[in-house]
Amino acid sequence: MPLIALLIKLNSRGPVFFLQLRNKRNGELFTCIKFRSMFTNADADVLPACKNDNRITPAGKFLRKHHLDELPQFFNVLWGDMAIVGPRPHMVSDNVRFDPLIKNYAQRNKVKPGITGLAQVTGYAGATDDMDMMKGRVNMDIFYLRHWSVRLDLAILYRTLFKIRRF
């Protein structure tokens, strides 16, 4: 983590960490901590990153590609705001936008959000530009909630580690 912090500081001006309010269980808010992967900008809390986003720093591209920007979220796990496995917490602005448009969207906020989840290991990770992608992500989250088991969590962790390992 200190090497990543140094890389961020050498690559762009601004803080090492990016702090953002997100929803946790039952819609309560918590401060999600990530390594900063974008240039500091006024839209960071309302405009999600998209493919080829010019706000992403060169170091940020590497961090995002290998999911290293997520490492500080283990602090959120220690603080009790997140789990290792569960539905990924969306930006508050995305929750406001998609809740009225996608059936059962709010159900994903009935449990602790996770650093990794079923949606992420089945291809629904990253920027969600279209409604079908977001519906797929929400459907995977709801499937996870309805079929939760230790075995499913272990399978998600295995697939997550396999994805991260591919440098």
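A residue counts as buried when its relative accessible area is under 20%, as exposed when that area is over 50%, and as partly exposed in between, with a 1.4 Å probe and protein chains only. The structure shown here is a predicted model, in which local features need pLDDT of at least 70 and side-chain atom pairs count only at pLDDT 80 or more, while totals for chains, interfaces and linings use all residues. Residues are numbered from 1 along each chain as its sequence is written, and side-chain values use heavy atoms, with hydrogens and water left out.

By the rule for burial, Phe-35 is buried, because its relative accessible area is 2%. Phe-35 also belongs to the largest nonpolar core, which has 7 residues in all and also includes Ile-4, Ala-5, Ile-8, Val-16, Leu-63 and Leu-68. A nonpolar core is here a set of buried Ala, Val, Leu, Ile, Met, Phe, Trp, Tyr and Cys residues joined through side-chain atoms within 4.5 Å. Helix 1, which spans residues 2-11, gives the largest share of this core, namely 3 residues; helices (H or I, at least four residues) and strands (E, at least two) are DSSP runs numbered from the N terminus. In soluble globular proteins, nonpolar side chains tend to be buried together.

The next topic is the aromatic rings. Rings of Phe, Tyr and Trp (its six-membered ring) pair if their centres lie within 6.5 Å, and planes under 30 degrees apart count as stacked, over 60 as edge-to-face and the rest as tilted. The count by this rule comes to 3 aromatic pairs, one of which is the stacked pair of Phe-17 and Phe-35, at 5.4 Å centre to centre and with 15° between the planes. This pair links distant parts of the chain, since Phe-17 sits in strand 1 (residues 17-23) and Phe-35 in strand 2 (residues 29-35), 18 residues apart. Phe-17 counts as partly exposed because its relative accessibility is 36%, whereas Phe-35 is buried.

The cysteines come next. With a disulfide taken as a pair of cysteine sulfur atoms within 2.5 Å, the structure holds 0 disulfides. Cys-32 is in no disulfide, and the nearest cysteine sulfur, that of Cys-50, is 19 Å away. Cys-32 counts as buried because its relative accessibility is 1%, while Cys-50, at 35% relative accessibility, counts as partly exposed.

Most residues other than glycine have a negative phi, and most peptide bonds are trans. Asn-26, in the loop between strand 1 and strand 2, has a positive phi, near 60°, and counts as exposed at 55% relative accessibility. Asn-104, whose place is in the loop between helix 4 (92-98) and strand 4 (114-116), has a positive phi near 65° and is partly exposed, with a relative accessible area of 33%.

Finally, the structure holds 1 cavity of 30 Å³ or more. A cavity is a set of points, on a 1 Å grid over the protein atoms alone, where a 1.4 Å probe fits but cannot get out, and lining residues have an atom within 4 Å of a point. The largest cavity has a volume of about 30 Å³, and its lining includes Asn-23, Lys-24, Arg-25, Pro-87 and Arg-88. The lining residues divide into 3 nonpolar, 2 polar and 5 charged, where Ala, Val, Leu, Ile, Met, Phe, Trp, Tyr, Cys and Pro count as nonpolar, Asp, Glu, Lys and Arg as charged, and the others, Gly among them, as polar.

Note on methods. 1 Å grid on protein atoms, 1.4 Å probe; cavity = no way out; pocket = protein on both sides within 12 Å on 5 of 7 lines; lining within 4 Å. Points joined across faces, edges and corners; volume = space filled by probe spheres on them.
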